[in-house]
Amino acid sequence: MRFEYLEDVATADIAFRAEGNSLNELFENAAFALAETMADTSTLKDSIIRTIEVEEEDQEHLLFSFLSEMVYLRDVELLFFSKFEVNVEGNKLSAKLYGEKLNDNISLRNDVKAVTMHMLKIQKKDKYYATVVLDI
Amino acid sequence: MIKINNVPKEIKKVSEVIWEIPKSFKKGMNVPARIYASEKLLKDMDQGVFDQVTNVACLPGIQKYAYCMPDGHWGYGFPIGGVAAFDLEKGVISPGGIGFDINCGMRLVTTNLTFKDVQPKLRPLIDLLFQKVPAGVGAKGFLRVTENQLKDIMVNGAEWCVENNFGRKQDIERIEANGCIKNADSTKVSEKAVKRGLRQMGTLGSGNHYLEVQLVTAQNIIRPEIAKRFGITTPDQIVIMVHCGSRGFGHQIATDYLGSFNRAMKEMNLGVKDRELACAPFKSKEGRDYYKAMACAANFAFANRQVILHRIRECFSEIFKKEAEDMDMNLIYDVAHNIAKVEEHKIDGSKKEVVVHRKGATRSFGPGHPELTDLYRDVGQPVILGGSMETGSYLLVGTEKAMEETFGSTAHGSGRTMSRTKAKHLVRGDELQKSMEKRGIYVKTASMSGLAEEAGFAYKNISDVVHTLETADISRGVVAFKPIGNIKG
């Protein structure tokens with residue numbers, strides 16, 4: 001499992017919990033969860049590659065900024081992504097995102113307004129976990 | 001979800017519809033929390049409301065109480081339905097107390113058309129509105145503005161629209177704060193926000209945003225004298241309601257400042273119970289900068305709703321072959337329900353300026369308030385409560401009691417009671433669309449799954465909310481509206 005939706009959190013919004021065997025995989029799966037919330041990623045081609053680089057003071061903030069960048073690219077360049085390669089080193093992130101520009105073949109889902117910091121936490125147990133609440 | 005056990009046992013009943021959680025409930029609470037709700041609404045509230053409203057009560061400089069309105073539900077940072085006022089010297093400003101959709105709000109417009117006039121042309125009318133008022137993901141605004149025009153809009157709000165022929169002069173006084181929050185400074189807005197804003201002026205958005213054609217029936221006019229003052233004069237009269245905000249422009253400003261506040265808080269050693277409650281002293285550079293940027297987003301939203309009104313007038317003219325003026329298409333009012341504003345209120349008998357945060361809560365100024373237009377000063381401010389697209393909405397009026405008790409604030413809608421994911425499991429968008437059409441509500445949507453998420457059963461009963469507001473007397477019912485046509489993002 002890459003992520004699950006949390007039904008009973010934030011009534012008017014959407015919350016998910018992503019997981020990963022490594023921090024990189026956790027970030028990739030959180031990005032995938034956001035992408036799946038915005039569109040059915042199986043309807044997406046990967047004709048465009050984008051790189052994102054972010055530096056923040058901690059890893060939660062890094063995840064917040066990384067996901068917020070995806071919302072920004074959706075709004076300004078109409079880009080939707082389905083595959084992710086993330087490399088987190090300390091408080092720096094570099095990521096490659098594969099997707100395409102909005103077209104009639106893409107099956108859209110929710111218009112995510114923003115990524116919130118509500119309950120945002122990265123935890124390391126048997127695996128890495130992150131809970132994210134999206135503003136819809 | 002079992003909700004009945006969520007009500008904290010420490011809660012005290014103050015009156016039939018006011019409940020208080022004492023300071024002893026949670027370490028760090030500076031004031032008690034007060035929830036306005038009937039017993040039924042209180043028991044149905046989710047756990048998040050009690051956690052979040054008491055987190056708000058812990059913020060520095062908070063005055064009197066942290067409030068939650070009867071339509072309150074679990075949000076992020078503040079609960080939705082949250083109201084809090086802070087001291088200007090010792091208090092804070094918090095983006096989480098406003099929401100990402102800065103100045104999300106409601107606009108209500110009259111017509112002199114009746115159901116008989118509109119019903120035969122409802123489909124072409126809604127189809128045309130759907131085509132002319134862009135909604136949903138990726139929608140390009142019908143108004144392409146330049147960067148310089150956008151900067152003008154940030155500072156002048158709705159006034160810019162009227163100057164550029166997107167409305168009439170008399171629209172302005174019927175907008176909260178005359179459609180322009182002062183102290184807006186476009187240099188406090190990021191380039192990213194500008195880029196998001198450029199293509200979104202004149203778009204409805206999605207989620208719970210809508211444009212609705214509604215019907216007034218004679219039995220739904222609660223206070224006829226006040227209704228008349230607001231322009232509701234005829235049984236079977238048609239009105240138009242719009243719910244939208246500052247779009248990606250406001251969302252980006254909130255995102256930017258949430259990030260910078262979290263960094264600043266570390267330096268200032270300010271701790272909060274939830275990162276989403278990130279705040280900064282109102283007097284600090286960070287606090288002032290955010291307020292100036294937030295004002296830009298608020299003004300963008302006032303302008304967005306103004307250009308949409310202009311478009312609605314054009315669509316009605318095209319369908320009914322009359323000038324908008326001849327159809328009395330007048331703005332009743334435009335109110336914000338996600339905003340922070342500096343206002344003067346009475347605290348412990350003396351007047352004081354405070355920064356009032358309303359997140360999913362509406363201003364409800366009573367009669368005589370100097371900020372109200374002459375048109376309404378003797379009756380009070382129109383308050384617009386948007387309900388679900390299946391059940392209907394309300395026009396209310398502000399009261400003196402709201403000025404005394406809730407910093408002139410009231411509810412904003414019916415309030416969700418079911419998560420989006422759950423609603424989608426229970427109904428399909430296309431089925432809901434058909435069933436609504438059978439009941440006389442014609443809906444056009446940019447997203448079928450989005451439509452399912454907005455099903456009427458996902459919301460509280462709006463009449464219960466209005467009953468609570470009436471009992472507490474923080475606003476009074478004027479007219480109830482039934483939807484007949486709806487556009488959803």
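Trainee: In S5(A), which residue is the bridge partner of A:Ile52?
Mentor: This is a predicted model: local features need pLDDT of at least 70, side-chain atom pairs count only at pLDDT 80 or more, and totals for chains, interfaces and linings use all residues. Residues are numbered from 1 along each chain as its sequence is written; chains are lettered from A and ligands numbered from 1 in the order in which they are written. Helices (H or I, at least four residues) and strands (E, at least two) are DSSP runs, numbered from the N terminus. In S5(A), A:Ile52 has as its bridge partner A:Ala95.

Trainee: How many bridges join S3(A) to S5(A)?
Mentor: Strands pair if DSSP finds at least two bridges between them. S5(A) covers residues 92-101 and runs antiparallel to S3(A). The bridge count for S3(A) and S5(A) is eight.

Trainee: Which strands stand at the edges of the open sheet of chain A?
Mentor: Three strands form this antiparallel sheet, in the order S3-S5-S4. Each edge strand has a single partner strand, so one side of each is left without a neighbour in the sheet. From one strand to the next, the twist averages 20 degrees. The edge strands of chain A are S3 (48-55) and S4 (79-89).

Trainee: At what angle does H2(A) run to S3(A)?
Mentor: Axes are lines fitted to C-alpha atoms, for helices over the stretch in contact, with angles from 0 to 180 degrees between N-to-C directions. H1(A), residues 23-38, lies across S4 and S5 of chain A, at about 165 degrees to S4(A). H2(A) lies across S3, S4 and S5 of chain A. Its angle to S3(A) is about 140 degrees.

Trainee: Which element gives the largest share of the side of chain A that touches chain B?
Mentor: In all, 31 residues of chain A are in contact (C-beta atoms, placed from the backbone, within 7 Å) with 42 residues of chain B. Helix H2 (59-77) and strand S8 (128-135) of chain A each supply at least two residues of that side. The largest share, seven residues, comes from H2(A).

Trainee: Within what arc do the buried residues of H4(B) fall?
Mentor: Buried means 20 or more other C-beta atoms within 10 Å of a residue's own, exposed 12 or fewer, partly exposed in between, with C-beta atoms placed from the backbone. In H4(B), residues 122-132, the buried ones are B:Leu125, B:Ile126, B:Leu129 and B:Phe130. They line one face of the helix, so their directions from the helix axis to the C-beta atoms span an arc of 130 degrees.

Trainee: Which exposed residues sit on the face of H4(B) turned away from its buried side?
Mentor: The buried residues of H4(B) are covered by elements of chain B including H11 (285-320) and S19 (475-488). The face turned away from them carries exposed residues, namely B:Pro124 and B:Gln131.

Trainee: In S19(B), what is the bridge partner of B:Glu212?
Mentor: S8(B) pairs with S9(B), residues 237-244, in the antiparallel sense over seven bridges. Six bridges join S8(B) to S19(B), also antiparallel. In S19(B), B:Glu212 has as its bridge partner B:Asn486.

Trainee: What separates the C-alpha atoms of B:Gly440 and B:Gly485?
Mentor: B:Gly440 is in the loop between H14 (429-438) and S18 of chain B. It counts as partly exposed, because it has 14 C-beta neighbours inside 10 Å. B:Gly485 is 45 residues away along the chain, and the C-alpha separation is 8.2 Å.

How values were computed. Contact = placed C-beta atoms within 7 Å.
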